[in-house]
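Here is a short note for your first look at this model. Keep the structure open and follow the points in order.

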Amino acid sequence: MPFIQDTPAEQQSGLEPIAICGMGSVDSPAKFWETIRDKQSVRTPKVPKNRFNINAHYHPDLSRPGSFSATGGYFLDGNLEDFDPTFFNMTPVEAQWLDPQQRKMLEVSYECLENAGVSLDAIAGTNTAVYVASFTADYQQMSVFERDFRHNYVATGVDVGIISNRINNTFNLGGPSFTINTACSSSVYAIHNACHALRARDCDAAIAGGVNLIVIVDQHMNTAKLGVLSPTSECHTFDESADGYGRAEGAGALYLKRLSDAISEDSIRGVIRSSAANTNGRVEGMGITFPSVLGQERVLRKSYERANLDPNKTAYLECHGTGTPSGDPIEVRAVSNGMNDTRSTEKPLLLGGVKANIGHSGAASGIFAVMKAAMCTEKGQIPGVYGFKTLNLNIKDKEWNVKIVQDLMDWPTDFDVRRASVSSFGYGGTNAHVIVESIDSLCPWYEHGQPKAVAKYDYANVDRPLLVTMSAHGQKTLDRNIRAHEKVAGDYHLPDLAYTLNCRRSKLAARGYTVAVPGQEATAFSPYRFSCGSKLEKPVKIGFVLTGQGAQWPRMGYEAMQKFPEFNETIEGLDRVLRRIEPKPTWSLKEVLEEPAETSRVGEAEISQPACTAIQIAIIDLFGSWGIEPAVTVGHSSGEIAAAYTAGRISGPEAILAAYFRGYAVARAAPVGTMLAVGLGADEVADYVPEEVAEGVTVACENSPSSVTLSGNSDDIAVVKEILDETKVFNHFTWRRHPAGMVSSVMASEITSSQLSISYWCDNLRNRVLFNSAIQVLGSSEKYADVNVLLETGPHAALKGPVKQICNANGFEKSYVASLTRGADSATALLKTVGEMYNRGLDINFEYVNSMKTSAPSPTAMTYNKKCNAPRYLPDLPPYQWNYETVYWNQPRTMKELRDSKHPRHDILGRRIFGLSNNVSTWKNMLRRRDVSWFEDHTLGPDVVFPAAGHLSLAIEALLQQLDLEPENADGVEFRDIDIQKALIIPEDDDGIEVHTRLETLAGGGWYRFSVESISNDLWTVHSTGKIQKQANDAPPRRTSFPHKLNQLHQQVPGKRWYRSLRRVGFSYGSNFQTMGNVRANGRDRIAAAGVTVQTKCSSIDHES
């Protein structure tokens, strides 16, 4: 190639680089890399039985009809019908008729998006194109076996051309949609065209993929008859043992974007610098399938010229490398011609081929070649070629300045960039080439997450708990997702895990969360540590329920102050407000909240009320920054202060001042008394209050239909408590530090800002708390009918019981969630609250929830900037775990019998016609002289006549197959009523004659009627009929008596003389039929005897039936 030097970016040709943002493949890209890195092979020695029974088609002689000589290949694990239609919003009926190639492409396309960190909501409705490569149609061929009864979904289910459209439709992608068939180069053509569309602004992103699945034997047979499959079913790429390739299954996809669009927010696994495509035209003297050195060289040169790139800077080239003895040398020669014009002999071009690991997956093969090249440039490693031992003699590595990579090696350090080329060729002459480069050379600062073992960063300064969420479309799949991540969680930094799973995944219906701390990743991902739930059917609307007096406890909110800067700043800000008033408090909020239980003063009324309100304000502010906002609030007693703040009726300083002076007044003016929570309604509780204390005991709070709070002096309350204890009615004793409280629990109606006068707050302190009525008003209001979650915000879940009782009593369908719980770690508790809201379907600002910043973010700063201490995206986490428990599959019964058949084609019987009744079975064969050499040893005059014994053999072979017996397991057969009606002539032409052998079950026993027929010139001819049955295993042997002793037959005639005599009258028997020895007679009686050699093998046919 003419020497081209890379020019500065501003002087280049303007061919925009394309970023590979995501990869999807069956078993995951990470598993794919492990396979090639560790020089493993996924070859399957035998075709899996759930594809078809290879035993019914294998024969060492490839030229034998209905047979091929390769037993195995490279097959995907599991069943190809495996599919989970519910994920794709597809009905079971439609799924039943869906081509497995459509199924797998849907799965790997989603996995590709997930690998890129793109959610379904983010991709839906975008101008994203889909280019899918496919050129086999096994399922379509299956469907034609049912010609009359076709379902409505068959057309869209089996059409190969609709695969790309299916992806566009399922994920609501509005860009161009192409299904491409250029045979083995199809997927690189798909990538090439996707890059064109991106550069032309026809789309903003693209999914380029390829699929090849082996469902039935037909295409496998076609490929084998082409003579390109290895008898070992293996790709011996570059090796002297190369003798063809092993066919493979595969499905993969890449998510592509313009680099300029991707660099700001997307994961980038590699960059496509250029690509090109062409065809060979005609190779003189050769057929359409013969590769061309010139054609392959031209496409390679074109790809480098388009981007003005220097091929000398490319260290590695991923070859098409099928392992054919002539194809590999031709390709390597073309590569050398195109890449090595000026390459130093000190730096030979490194060559590899992934097909040695995973086989040749046809239309999908190029996806894996490009995926491998991208991963090599990303990781800076080049895997060795699996199985490579001795170089193909026709590959001149020294002369051509190339070197086969034998073992895993680091990227050569004497190359400025990590750049790789990928070649791909179709068997009809369609060539394509792609140039892939590491993102490092274009954006040296780019970085995505890595396992701890190789990461060049850490999060040593992160000492706070983090919320981690996961989701799936069903609970069973969610459980599998969690277990899959449990296996690898310990390998990664927790901030990276949390960011990836919280912010870069689709939010599906079945959800779960866990709270973890760095260093305990594996433990946190135990399925038992996850709290799971389901997204509510309607969008989440929240009502905040603000806890009132009495919920305080020592060190409430302490951990939240330590771990959440915004929470701490709120407390400090409220402290600053209190320090500016008169009389100044002798304590500070922060000090009170940090005091241990032994010395805590948080139970004092003057302190507890502002402390509880401060905690509520801090929670409310924190929740707001995380995306948790209420539609309505209800406060219980003193909780109305925080409720008013939450509803925007009063400011934070106003709220804390109201709480402080409320507590100040209670501490100095209220009589000493106590309160008692009772598990009875307001009317019922009167029966438990004795008349002598009735004047001193009042109902302070109507909490719910079956819960009130009594207040009064200590002695009177003690009397009531004693009575309730004796009757075992629930009651809870607490000192009178009443939690006094924008539906008002003073007025039991919605309240406006103008109504929050001084007199209202006096009423709030003095009057009965109408919490029960307030919740009923909220639940019955049309205005708040969409409120479906009640979130209690306060130091403790004190109102959990009342809220649930009110909702149950009134039929309100509202979910309850608490914030803090007495004695529990407040930081963890708040994260669990967020997790519970996420489980119910609320959109959460996870980047702020798990913020690792040392100061609170600005309320208006809603974007997330990548900084050195920010978490990184992990592209190689386990892929989505599909649920295959239910099978959705339809195939004609005829096809099922064909795929499950166990008997190979028989040389003379042929193969069974599938789909017929077992009571009347039929075998079809084309009898041709060239297939069975001994046919021509049995002639009558000029005609080759099928022997009479052959008719009996047809019946015997048919019976053995019908009874599923091997010959050695059948003691014998018995014939009756044999009638050979007309000779079966085998013509001399290549077409032969079509023969049908029919076996009909007869009533009343084990007898069958057989017939042998042929069809020629549309005329059917019956050649023989008869009856046959298998002899019972315990049947006594039959012996035929002979009236003469052999020594009485004194005349002997050589057998050859008899054959010469027969030939003179027109019967010609060749060597395969001349098995008779001397014929003995006595010259008088019509009796003769001869020795006959019974042949079990035909010397002129190898591996006969």
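**Notes on the model**

1. Glu572 is partly exposed, at 28% relative accessibility (buried is under 20% relative accessible area, exposed is over 50%, and partly exposed lies in between, with a 1.4 Å probe and protein chains only). Glu572 forms a salt bridge with Lys590, and the closest N and O atoms are 2.8 Å apart (a salt bridge is a side-chain nitrogen of Lys or Arg within 4 Å of a carboxyl oxygen of Asp or Glu). Glu572 lies in helix 20 (residues 565-578) and Lys590 in helix 21 (residues 589-594), so the pair ties together parts that are 18 residues apart in sequence. Helices are DSSP runs (H or I, at least four residues), strands likewise (E, at least two), numbered from the N terminus. Lys590 is partly exposed too, at 22%.

2. A word on the source: this is a predicted model, where local features need pLDDT of at least 70, side-chain atom pairs count only at pLDDT 80 or more, and totals for chains, interfaces and linings use all residues. Residues are numbered from 1 along each chain as its sequence is written, and side-chain values use heavy atoms, with hydrogens and water left out.

3. How many salt bridges does a search of the whole structure find? The count is 43. Two of them sit in helix 32. Glu897 meets Arg893 at 2.9 Å, N to O. Asp900 meets Lys896 at 2.7 Å. Each pair is four residues apart, about one turn of the helix. Asp900 is partly exposed, at 44%, and Lys896 is as well, at 42%. Elsewhere, shared partners join Arg269, Glu378, Lys379 and Asp876 into one network of salt bridges.

4. Is Glu792 buried or exposed? Glu792 is buried, yet has no salt bridge. The nearest side chain of opposite charge, Lys800, is 8.8 Å away (Lys and Arg count as positive, Asp and Glu as negative; His and the chain ends are not counted). Glu792 sits in strand 25 (residues 789-793). Its contacts include Val545, Thr547 and Leu799 (contact means heavy atoms within 4.5 Å).

5. Look at helix 23 (residues 639-646): eight of its eight residues are buried. Among them are Glu640, Ile641 and Tyr645. Gly648 follows helix 23, and its phi is positive, near 80 degrees.

6. Ser119 lies in the loop between helix 3 (100-116) and helix 4 (120-123). Ser119 counts as buried because its relative accessibility is 16%. Ser119 touches Arg505 and Ser506, not counting residues up to four places away in sequence.
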